[in-house]
Amino acid sequence: MFNFFNLFKKQPKPLKFKYVELVQNEIEIYGFKGNKKSINGELEIPSEIDGKTVTGISDYAFYSCKGITKVTIPNTVKKIGEGAFNTCVSLSVIQGAENVSFIGENAFENTKIYQNNDNYENGVLYVGKYLLSTQDVEKIIVKNGTTFIKSYAFYENKKITETWFSKSL
């Protein structure tokens with residue numbers, strides 16, 4: 001049913017990202033205009049801003065944005081900086097990010113990503129080509145295409161007895 005009053009509701013403004021140019025036509029997002037409370041729900045990182053390709057997310061770019069629940073990262077992004085999404089306490093899903101090959105320390109600490117079982121593939125948590133963590137399983141098979149394993153990724157796994165690595169490492 002059509003609600004006439006919805007026409008007068010204030011629509012949320014699109015998020016305006018702050019960025020730095022790394023090399024010609026490649027940029028890294030280091031923040032956004034507004035306050036941390038201005039992001040609620042899903043955050044979509046664009047693949048391009050002002051005709052320039054987004055290839056990275058800087059250190060602490062979205063630190064403590066507590067309203068973010070899901071982040072979609074385009075294939076153009078290769079790097080997620082240290083603490084980029086640290087303390088985004090509602091964040092439980094990372095989508096995309098297939099070409100991410102570097103993730104800084106504590107990028108996803110204090111989020112719900114580690115607690116969401118749907119994020120694990122055979123007991124292993126990946127973001128792009130990066131292995132972040134493992135669950136308590138006996139056998140770990142690191143999938144082909146994995147380029148990096150986070151420090152202490154196996155630390156909390158008390159059941160592990162066997163680990164298989166792909167040739168891509």
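Predicted model: local features only at pLDDT ≥ 70, side-chain atom pairs only at ≥ 80, totals over all residues.

Author: Let's go through the overall build, the core, the rings, the cysteines and a few loop residues.

Reader: How many helices and strands does the protein have?

Author: There are 0 helices and 15 strands. Both are DSSP runs numbered from the N terminus: helices are H or I with at least four residues, strands are E with at least two. The C-alpha trace spans about 60 × 45 × 25 Å along its principal axes.

Reader: And how much of the protein counts as buried?

Author: 40% of the 169 residues. Buried means under 20% relative accessible area, exposed means over 50%, and partly exposed is in between, using a 1.4 Å probe and protein chains only.

Reader: Which residues have the most contacts inside the largest nonpolar core?

Author: I45, I57, F62, I73, I80, F85 and F108, in a core of 35 residues. A nonpolar core here is a set of buried Ala, Val, Leu, Ile, Met, Phe, Trp, Tyr and Cys residues joined through side-chain atoms within 4.5 Å. Strands β2 (26-32), β5, β6, β11 (124-127) and β12 (130-134) each give two or more residues to this core. Apart from it lies another core of 6 residues, including V124 and Y126.

Reader: Why would such residues sit together?

Author: In soluble globular proteins, nonpolar side chains tend to be buried together.

Reader: OK, pick F85. What does F85 touch?

Author: Leaving out residues up to four places away in sequence, F85 touches L43, I57, F62, V71, I80, L91, A107, F108, E109 and T111. Contact means heavy atoms within 4.5 Å.

Reader: I see a lot of rings. How many aromatic pairs are there?

Author: The count is 7 aromatic pairs. Rings of Phe, Tyr and Trp (its six-membered ring) pair if their centres lie within 6.5 Å; planes under 30 degrees apart count as stacked, over 60 as edge-to-face and the rest as tilted. One of the pairs is F17 with F62, edge-to-face at 6.3 Å centre to centre and 80° between the planes. F17 lies in strand β1 (residues 17-23) and F62 in the loop between β5 (52-57) and β6 (68-73), so this pair ties together parts that are 45 residues apart in sequence.

Reader: Are those two buried or exposed?

Author: Buried: F17 has a relative accessible area of 14%, and F62 is at 0%. F17, F32, F62, F85 and F108 form one aromatic cluster.

Reader: What about Y60 and Y63?

Author: Their ring centres are 5.8 Å apart with the planes at 70°, so that pair is edge-to-face. Y60 is partly exposed at 39%, and Y63 is partly exposed at 34%.

Reader: Switching topic: how many disulfides does the structure hold?

Author: It holds 0 disulfides. A disulfide is a pair of cysteine sulfur atoms within 2.5 Å. For C65, the nearest cysteine sulfur is that of C88, 5.2 Å away, which is too far for a bond. C65 is buried at 1%, and C88 is buried at 0%.

Reader: Now the loops. Where does T146 lie?

Author: T146 is in the loop between β13 (139-141) and β14 (148-149), and T146 is buried at 0%. Its side chain reaches the backbone oxygen of K143 at 2.8 Å.

Reader: And what is K143 up to?

Author: K143 lies over the face of Y126, 4.4 Å from the ring centre. The rule is that NZ of Lys or CZ of Arg is within 6 Å of the ring centre and within 35 degrees of the ring normal.

Reader: Which residues have a positive phi without being glycine?

Author: Among them are D50, with a phi of about 50°, and A97, with a phi near 65°. Most residues other than glycine have a negative phi.

Reader: Where do D50 and A97 sit?

Author: D50 lies in the loop between β4 (48-49) and β5, and D50 is exposed at 60%. A97 is in the loop between β8 (93-96) and β9, and A97 counts as buried at 0%.

Note on methods:
Residues numbered from 1 in each chain as written. Heavy atoms only, no water. Polar contact = N/O pair within 3.5 Å; in protein donor to acceptor, adjacent residues only side chain to side chain.
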